[in-house]
Amino acid sequence: MSKNKYIDAVVVGAGFGGLYMLKKLRDELGLDVLAFDKASDVGGTWYWNRYPGALSDTEAYLYVYSWDKELLESQKISHHYANQPTIIGYLNSVADRHDLRKNIVFNTGISSASYNEACKTWDVETDKGEKYTCRYFVTALGLLSASNVPNIPGRESFLGKSYHSAQWPEGVSLEGKRVGVIGTGSTGTQIITAIAPQVGSLTVFQRSAQYTVPAGNGPVSEEREREIKANYESIWDNVWNSSLGFGLNETSRSVHDVSDEERDAIFQKAWDTGGGFRFMFETFGDIATDEIANKYAQDFIRNKIKEIVKDPATAEKLCPKDLYAKRPLCDSGYYATYNRDNVSLVDVKANPIEKITPNGILTRDGVEHELDVIIFATGFDAVDGNYAKFEVRGLNGESLKEHWKEGPSSYLGMFNNGYPNMFMVLGPNGPFSNLPPAIEIQVRFISDLIRYCEKDRVAVEAASESVSAWSDTCNEIAHMTLFPKAESWIFGANIPGKKKALRRWVWNSPPELGQDMTSTTTGGMAWTAPRF
Ligand code: FAD
Ligand code: NA7
């Protein structure tokens with residue numbers, strides 16, 4: 001039996017969250033830290049999601065850390081949005097510049113973590129059987145990280161190749177192939193648009209039609225790049241003081257305060273400029289809260305679909321009928337892709353997939369769609385998905401799965417009751433926002449708290465009333481919006497059998513997040529007895 005190694009902190013994950021957490025604890029607090037990732041290198045989301053067309057839809061200059069000023073200065077901002085190779089390149093530069101890899105154990109999953117109440121330490125075990133004892137257990141497991149591969153009958157019988165978008169291997173060629181894509185979320189729309197010109201034929205299996213607006217991606221002029229770099233201070237100021245952290249001019253203007261002509265002109269301007277969050281949050285302040293305002297946005301997008309897509313029957317299938325209240329999407333020519341002769345659309349709500357056969361996909365109408373490749377763009381077991389994949393035990397040996405059986409909860413998206421000195425980056429009920437700034441705030445918050453714990457030699461957990469109050473607040477806020485009325489991963493609605501419950505703070509960043517957190521945090525936390 002291997003002996004436990006003693007270190008100060010274990011960080012799980014080497015994406016945006018884990019990398020910054022490691023740096024903070026190691027370089028600023030001087031702790032002995034190890035980070036672990038199942039991946040063979042840094043990047044998290046951007047290590048795994050290498051599918052064709054993978055793109056962030058936050059403006060590239062804000063899909064970065066604010067704290068590495070030299071890197072911000074030296075990085076080229078070539079396009080409005082950064083693609084996967086650019087983002088992975090950026091995160092590799094961060095790891096290199098700060099020599100982070102020497103404290104990361106790659107190709108290694110954490111398989112269990114349990115709190116030792118007597119010693120006020122965590123015992124953590126890896127899937128390689130190595131054991132560590134640490135004072136702080138920090139999880140940065142990712143909120144869109146546990147892949148959802150639906151259990152469609154016959155899946156294993158397929159004789160061609162099949163890939164999930166988030167487990168995309170190197171060197172896949174789709175040139176001339178008969179390809180089927182299941183799923184038309186953010187990922188599906190990106191893949192479909194990117195591969196249609198290369199493949200022989202593309203059959204899209206759509207369960208829910210999708211509202212998406214143009215991304216407006218394209219080169220950033222040198223002048224604009226200089227302007228961004230010269231004004232980074234005020235740009236970040238705007239981010240820290242905004243609700244969504246996307247660098248938008250968030251508006252409170254109501255749809256009801258403008259004429260029909262003005263409303264359409266505002267939508268058209270946002271359509272021409274591009275950006276999903278811009279379309280939802282920079283046009284009017286009530287699209288996400290008022291069904292009538294929402295209907296105007298729906299109608300505008302549906303009319304665009306009918307204008308763009310030449311075949312009326314296909315256009316009709318592409319028109320969503322439900323609310324515009326999921327994470328807002330944008331694309332680089334998604335609807336127009338259906339004008340290509342090699343692309344066809346199957347509405348699997350009307351005509352469900354019966355099974356996967358050795359040769360392709362059989363739908364209820366009896367048609368066997370013959371395929372060489374099936375792409376699952378079927379999303380993620382989001383937010384708490386990775387937490388369900390290993391055993392976490394807190395006070396009295398209580399399992400986190402049991403603790404969250406009615407739906408995951410937290411205080412401020414970072415802390416649980418009953419799990420002292422376990423801290424979550426982007427845990428349940430964290431912000432629905434541009435995520436790198438949200439991650440930064442959470443990492444700073446957690447490391448400030450760890451500094452306190454170190455100073456006073458204490459362990460800390462969320463008070464149970466703080467968790468309940470935070471859940472109530474998140475739910476109240478969510479129900480002021482239309483988001484609970486749409487079926488999406490934000491509520492766990494995309495996974496059969498998953499408990500339907502709110503998983504994000506769905507409106508804006510918690511008011512405390514832009515401020516010095518320590519006093520606020522300590523207010524909602526329970527301090528346990530001095531450790532030793
Ligand atoms: P991740 O980057 O997901 O990293 C988590 C890591 O934890 C993974 O590498 C995983 O292997 C590891 N891990 C999990 N469990 C274990 C375990 N038990 N043991 C060891 N390792 C483990 N956000 C935006 O704000 N803007 C965008 O435009 C945007 N675009 C996106 C596009 C795609 C295709 C996807 C999938 C997500 C996008 N996101 C976007 C969300 C994105 O996930 C976050 O922005 C951010 O990358 C999350 O970083 P993270 O470090 O919290 O988690
Ligand atoms: P999403 O947004 O969850 O989309 C997944 C898509 O896959 C969506 O169209 C689903 O339809 C579809 N899906 C899932 N399961 C099935 C089955 N069994 N059959 C048919 N279709 C299915 O995931 P993405 O990866 O696109 O995006 C996730 C986030 O990553 C996104 O919000 C960005 O933040 C980046 P449904 O809509 O559930 O009917």
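The model is predicted. The protein buries 97% of the 980 Å² that ligand 1 exposes when taken alone, and the shell around ligand 1 holds 36 residues. The shell around ligand 2 holds 18 residues.

**Ligand 1**
- Asp37, Thr45, Asp57, Tyr63 and Leu435 come nearest to ligand 1.
- Polar backbone atoms contribute contacts with oxygen atoms of ligand 1: one belongs to Thr45, at 2.7 Å, and one to Asp57, at 2.7 Å.
- The side chain of Thr58 places a polar atom 2.8 Å from a nitrogen atom of ligand 1.
- Helix H1 (16–28), helix H2 (45–48), strand E4 (55–59) and helix H14 each give two or more residues to this shell.
- By residue class, the shell comprises 17 nonpolar, 15 polar and 4 charged residues.

**Ligand 2**
- The residues that come nearest to ligand 2 are Thr184, Thr187, Arg207, Ser208 and Arg327.
- Gly185 contributes a backbone N or O atom, 3.4 Å from an oxygen atom of ligand 2.
- Taken alone, ligand 2 exposes 780 Å², of which the protein buries 85%.
- The shell around ligand 2 consists of 6 nonpolar, 9 polar and 3 charged residues.

**Nonpolar cores**
- The largest nonpolar core has 132 residues, among which Leu25, Leu202, Phe279 and Phe415 touch the most other members.
- Helix H14 (residues 435–456) gives the most to this core, namely 9 residues.
- A second, separate core contains 23 residues, including Val12, Phe137, Tyr387 and Ala459.

Key. Residues are numbered from 1 along each chain as its sequence is written. Chains are lettered from A and ligands numbered from 1 in the order in which they are written. This is a predicted model: local features need pLDDT of at least 70, side-chain atom pairs count only at pLDDT 80 or more; totals for chains, interfaces and linings use all residues. Side-chain values use heavy atoms; hydrogens and water are left out. A residue is near a molecule or strand if one of its heavy atoms lies within 4 Å of it. A polar contact is a pair of N or O atoms within 3.5 Å; within protein, one must be able to donate a hydrogen and the other to accept it, and residues adjacent in sequence count only if both atoms are side-chain atoms. Accessible areas come from the Shrake-Rupley method with a 1.4 Å probe; for residues, only the protein chains shown count as cover. Ala, Val, Leu, Ile, Met, Phe, Trp, Tyr, Cys and Pro count as nonpolar, Asp, Glu, Lys and Arg as charged, and the others, Gly among them, as polar. A nonpolar core is a set of buried Ala, Val, Leu, Ile, Met, Phe, Trp, Tyr and Cys residues joined through side-chain atoms within 4.5 Å. Buried means under 20% relative accessible area, exposed over 50%, partly exposed in between (1.4 Å probe, protein chains only). Helices (H or I, at least four residues) and strands (E, at least two) are DSSP runs, numbered from the N terminus.
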